[in-house]
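Open the model in your viewer and keep the selection panel at hand. This tour tells you what to pick next and what is there.

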Amino acid sequence: MIKTQNVTFSYSATQKFHFPDIDCPNGQTLLVTGNSGTGKTTLLHLLGGLLQPTAGNITINNQDILQLNAAKLDAFRGQSIGMILQKSFFIEALSVLDNVVLASWIAKKSKAKEKALSILDNLGLKDHVHKLPSQLSIGQQQRVNIARALINNPSVILADEPTSSLDDENALIVARLLSDLAKEYQSSLIIVTHDQRLKSLFNHQITLS
Amino acid sequence: MISKIAWKNTWFKPLNTFLSIILLTASVSIISILILLQKQFEEKFSSSMDNIDLVLGAKGSPLQLILSSVYQIDAPPGNISYTEAEAWMNKPMVESAVPLAYGDNYLGYKIVGTTENYTKHFDLKIQQGNLFAKDFEVVVGSNIAANIGLKIGDTFFGTHGDVEEGEVHDHHAYKVVGILVPSGKVADQLILTNIASVWHMHDHEHKGHAEEAHNHSAEEPHVHTEGEEHHHEEVNPHEGKEITAVLLKLRNNMAKMTWPRIIPQNTEMQAASPALEVNRLFALFGVGISALTYLAYGIMFISGISIFVALYNTLKERRYEFALLRITGATKFQLLWLVLLESIFLCTIGFILGIVFGRIGLYFLSVSSQEEFKMAFDPFEFLWKEEGMLFVATLAVGIVAAIIPAIKAYSLNISKTLANA
């Protein structure tokens with residue numbers, strides 16, 4: 001569950017963003033669209049605690065994340081927020097499985113190896129768990145990202161352009177997969193995108209301008 | 001888990017890692033060899049010097065006299081008359097005197113004519129058998145017994161001079177009657193007999209082949225000069241006999257100071273102080289050792305730069321990796337630690353390899369120095385303090401080299417990094 005109220009942010013005196021309020025309960029998907037420069041990525045970074053807003057409230061799971069100090073915010077991010085990025089980033093030296101397990105270790109200090117294996121299996125990556133991430137296709141890499149975002153059962157999944165580098169078919173598959181998984185894991189899913197292909201898939205939408 | 005990432009990252013870019021490790025290994029092995037060499041060298045020199053205040057010998061280089069008589073390294077500067085030396089050996093200020101007469105070797109190991117005093121002076125114990133009592137009986141050092149397998153009752157022929165390939169004295173055989181306990185001193189590498197044996201060995205030769213012997217002594221004048229004056233028969237058994245040097249322990253500090261001046265003024269001999277000469281030698285060595293140490297620390301400095309460059313260069317491509325760690329909940333401190341740890345791993349591997357290669361290097365050095373100078377080094381000695389310090393220094397280099405990249409990782413702006421991806 002994630003809620004925001006009157007969130008504003010400015011990079012400089014001339015560039016100010018005022019974001020519409022967001023209210024996304026568990027299991028629901030919210031699509032945030034808008035053209036380049038309207039602050040989509042900025043909003044996502046604010047929600048993920050990577051940026052501090054100038055004013056407003058952001059509440060995740062009844063926790064006002066702006067009240068947390070840096071170290072607690074890092075820990076909270078690890079446990080309650082799963083982020084999926086436009087490009088797939090990995091620890092290149094670690095295997096696919098270790099990349100996913102790493103996220104559980106950082107957040108909870110325990111290695112959820114079995115769980116990582118079952119999520120990867122669900123996402124059709126069973127045969128690739130011991131490969132290096134660079135050996136996978138882009139679509140497969142994006143699915144590893146999803147597995148990593150889900151490993152800690154986050155309250156909120158934040159996805160930044162998760163489909164923009166995929167072809168039509170894969171884009172729809174990934175989008176549906178994300179929304180299904182959000183329901184299954186009872187997480188709030190926020191997808192930030194300019195990808196027109198997704199607009200028809202989701203009921204709840206906000207357009208930034 | 002951070003250490004696992006650091007470990008895997010270390011091997012993910014093997015070329016960078018390899019370069020840094022080679023440099024570290026080179027510097028650590030050079031420094032560890034130097035540390036061990038210097039320590040064992042000084043130990044060997046100092047332990048053999050105990051109890052000797054002055055050495056009487058032929059005029060020439062005092063350092064050469066000390067090296068030849070106390071350490072059996074160099075050739076002696078010449079011989080001295082036994083009667084002349086005896087006059088000083090019997091003075092009341094002398095607590096003990098050890099005469100030495102050189103002439104022959106066996107398979108490169110020096111045969112030294114001396115008295116029982118030698119063993120007392122250097123506190124040598126007999127492991128098996130007895131001390132030499134009759135002519136041509138010898139006591140051998142423990143290393144010789146071990147290396148060439150001499151046993152009690154064995155006999156052998158000495159070879160003239162101080163090199164293995166000399167002429168063999170095949171008319172008198174030496175007989176092994178005792179083996180010394182290992183002492184870590186030069187005696188481990190010596191064959192001891194009485195002085196008369198050395199004289200007789202050469203008496204016989206000169207009676208038999210006077211002409212040949214004469215040629216011989218012309219070829220090697222400093223080793224065996226007694227041959228030249230040997231033909232005429234003597235009344236006093238010591239008259240005209242020569243020895244190589246006398247080790248003296250004195251009762252009187254005044255004599256220690258004055259004899260080195262008085263003796264050369266009044267006789268054909270000189271008196272040299274081992275302490276003084278060895279200090280001079282260490283000072284000479286010290287310059288070389290310091291130069292090599294500086295060189296090795298220079299290499300370590302370069303390896304530090306190599307680590308710095310390797311880490312710094314990969315920062316740009318690795319910032320997404322760092323951003324990723326942060327969005328999965330890693331703290332800034334964990335990123336700092338990750339970068340430092342990678343450098344620490346490199347340094348530890350370099351240090352361990354350096355110590356191992358240093359030992360191997362010292363082993364080969366020891367083999368060749370044993371062949372050439374009869375001086376062995378122990379490659380398995382660990383100097384915890386000095387090598388511990390070296391490890392600390394190596395780690396310090398690694399940490400200093402990694403500190404700037406680590407701080408860059410620590411202060412990485414994740415939002416900006418991801419937005420510009």
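**Stop one: a helix end in chain B**

Select Val70(B), which sits in helix H3 (residues 62-70) of chain B. Helices are DSSP runs of H or I with at least four residues, strands are runs of E with at least two, and both are numbered from the N terminus. This is a predicted model: local features need pLDDT of at least 70, side-chain atom pairs count only at pLDDT 80 or more, and totals for chains, interfaces and linings use all residues. Residues are numbered from 1 along each chain as its sequence is written, chains are lettered from A and ligands numbered from 1 in the order in which they are written, and side-chain values use heavy atoms, with hydrogens and water left out.

Is Val70(B) buried or exposed? Val70(B) is buried, with a relative accessible area of 0%. Buried means under 20% relative accessible area, exposed over 50%, and partly exposed in between, using a 1.4 Å probe and protein chains only.

Now show what Val70(B) touches. Leaving out residues up to four places away in sequence, the list is Ser48(B), Met49(B), Ile52(B), Val55(B), Leu65(B), Val186(B) and Leu247(B). Contact means heavy atoms within 4.5 Å.

Next, draw a distance to Ile31(B). From C-alpha to C-alpha, Val70(B) and Ile31(B) are 29 Å apart in space, and 39 residues apart in sequence.

**Stop two: helix H10**

Select Ser306(B), in helix H10 (residues 274-327) of chain B. Ser306(B) is buried, at 11% relative accessible area. Its contacts, not counting residues up to four places away in sequence, are Leu19(B), Ser20(B) and Leu23(B).

**Stop three: where the chains meet**

Show both chains. Here 27 residues of chain A are in contact with 24 residues of chain B. Colour Phe89(A), Ile91(A) and Ile106(A): they supply 23% of the area that chain A buries against chain B, more than any other three residues. Together the two chains bury about 2,400 Å², 73% of it on carbon and sulfur atoms. Buried area is the accessible area (1.4 Å probe) that two parts lose on being put together, summed over both.

**Stop four: chain A as a whole**

Chain A has six helices and 10 strands. Along its principal axes, the C-alpha trace of chain A spans about 50 × 40 × 30 Å. Of its 209 residues, 56% count as buried.
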